[in-house]
Amino acid sequence: MPSQLQCMDCGATYPMNQVIYACTACGGLLDVKHDWSELTITRELFDQRLGTLDAPYRSGVWRYKELVYPDVPDDLIVSRPEGNTNLYHVPKLAAWAGVDTLYLKHEGENPTGSFKDRGMTGGVTQARVLGMTRVACASTGNTSAALASYAAFAGLEGIIFMQNRQIAVGKLAQGLAYGATCIQINADFDRNLALVRQISDELGIYVLNSVNPFRLEGQKTIMIETIQQLKWHVPDWIVVPGGNLGNSSAFGKALYEMRQLGLIDRLPRIAIVQAEGASPLYRAAQRGFDHLEPMKAETIATAIKIGNPVNYPKAVRALTWTNGVVEMVTDQEIMDAKALIDAAGIGCEPASACSLAGTRKLVEHGVIQRGESVVGVLTGSVMKDPDAIIAYHSNQLEDITPTYQNRMRQAGDSVEQIKSILLGESVPTP
Ligand code: F0G
């Protein structure tokens, strides 16, 4: 049977070639459902493809084509290629967080500098399958950068709805650079998402926010690739930042399916970490997931400044499948964890540092045990938000103390002054 779309609530199914983002019967979110009964899917199949120079399998998304979109013709795939990101073993950061074994999966190493490329290759490929010529999204900046790039690469028109405040400068620049139609709108992310859905429906534009289930199929491969890099050993915990909750939802689906297929024999636990000022999932978790209470979001981690996440039901499902937890961290904790990841030579954007800050907090709260192995996902590159870095290290962030400050030294054009700096002060090691 070919793949199809299925409502996660009422089970209604739709063909893959229908432009649809929610169940027309009950409004529920849609999943892409594949039929694997005719396919042989093994660890060996994916291991054989490692290191290949051939498209599409050289991509860290399409290496797992059977799990992402088995029936799609290879010549319709739009791939830069993405994925194949590093998994760093970081003993010093592990010690800081309070665990013996910590890896950081660096999704900022994707072509446009964030994990969104993995979803976008799936989404833009589906736009081509459907014959759509225009694609659009609302974004806190990374989805829009990825959309702009992949649309240009595929010869489609990219359209992006951005907040007019608080989008990191690297992301703003990318949208313009890749030639998308960029519209700054005086509204927050949550409102922009509602606007893009309404306007795209009316104008026949394809929506590529994570409400689009093809995006999530690509993002599943973060989990598959991580576990393959661990030689198919399953870690105890996956720690991931949560905003619109597409990524954590995709992780849950990936892990569930991998176990179903026998690629793994147990599931790691997922910990979703939100910023305190944008924590509707955390608050819902405190109330036993009775319902989602949208909130006005505020955090320095602008990527996750989201108060009404569309993928809430899928994220709750991912937490249920994996016996997962939700944690919350302050902006101070985010920026300090980021400074340490940066100073380790790895670097990430503020939202990504929720993974390390959240791991430390979950250890403090006795949820993660010292002996358990943890993979933290770094979702975006250090180069996305240079303003936040400079403001932190020059102590210009309101209500944040730069605990791990790397102060800029000043010297005149003077050998003596420069030497006195180098002789008088030791180089800081956070
Ligand atoms: N980290 C970064 C760097 C992000 O850009 C995002 C989301 C997240 C984490 C959260 O992922 O939404 O799947 O829970 N950024 C979106 C955007 C919303 O528009 O770029 P999520």
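**Ground rules.** I worked on a predicted model, in which local features need pLDDT of at least 70 and side-chain atom pairs count only at pLDDT 80 or more, while totals for chains, interfaces and linings use all residues. Residues are numbered from 1 along each chain as its sequence is written, and side-chain values use heavy atoms, with hydrogens and water left out.

**Entry 1, strand β1.** I began with β1, residues 4-7. Strands here are DSSP runs of E of at least two residues, and helices are runs of H or I of at least four, both numbered from the N terminus. Leu5 and Cys7 point to one face and are buried, where buried means under 20% relative accessible area, exposed over 50% and partly exposed in between, with a 1.4 Å probe and protein chains only.

I then looked up the partners of β1, taking two strands as paired if DSSP finds at least two bridges between them. Three bridges join β1 to β2 (residues 13-15), and the two run antiparallel. Leu5 has Tyr14 as its bridge partner in β2. The hairpin of β1 and β2 has five residues between the strands, and Gly11 there takes a positive phi near 80°. β1 is also joined to β3 (residues 30-33), by four bridges and again antiparallel. On that side, Gln6 is the bridge partner of Asp31.

The domain bounds come from an automatic or database domain assignment: domain 1 is 1-33 and domain 2 is 87-113 + 213-391. I noted 27 Å between their centres, taken over C-alpha atoms. Seven residues of domain 1 are in contact with nine of domain 2, contact being heavy atoms within 4.5 Å.

The two domains bury about 800 Å² between them, 69% of it on carbon and sulfur atoms. Buried area is the accessible area (1.4 Å probe) lost by two parts on being put together, summed over both. In domain 1, Met8, Leu29 and Val32 lose the most area to domain 2, together 58% of what that side buries.

I found two salt bridges across this interface; the rule asks for a side-chain nitrogen of Lys or Arg within 4 Å of a carboxyl oxygen of Asp or Glu. I also looked at Lys314 and Asp31, whose side chains meet in a salt bridge at 3.7 Å, N to O. β3 gives the most to the side of domain 1 that touches domain 2, with three residues.

I traced an open sheet of four strands in the order β8-β7-β6-β9, with parallel pairing. β8 (181-185) and β9 (206-207) are at the edges with a single partner strand each, so one side of each is left without a neighbour in the sheet. Two bridges join β6 (residues 134-139) to β9, and Val135 has Tyr206 as its bridge partner in β9.

Asp342 is in helix α13 (residues 331-343). I logged Asp342 as buried because its relative accessible area is 18%. Leaving aside neighbours within four places in sequence, Asp342 is in contact with Gly347, Cys348, Val382 and Ile389. Thr330 lies in the loop between β12 (325-329) and α13. I put down Thr330 as partly exposed because its relative accessibility is 23%. Thr330 and Cys354 are 24 residues apart in sequence and 9.1 Å apart in space, C-alpha to C-alpha.
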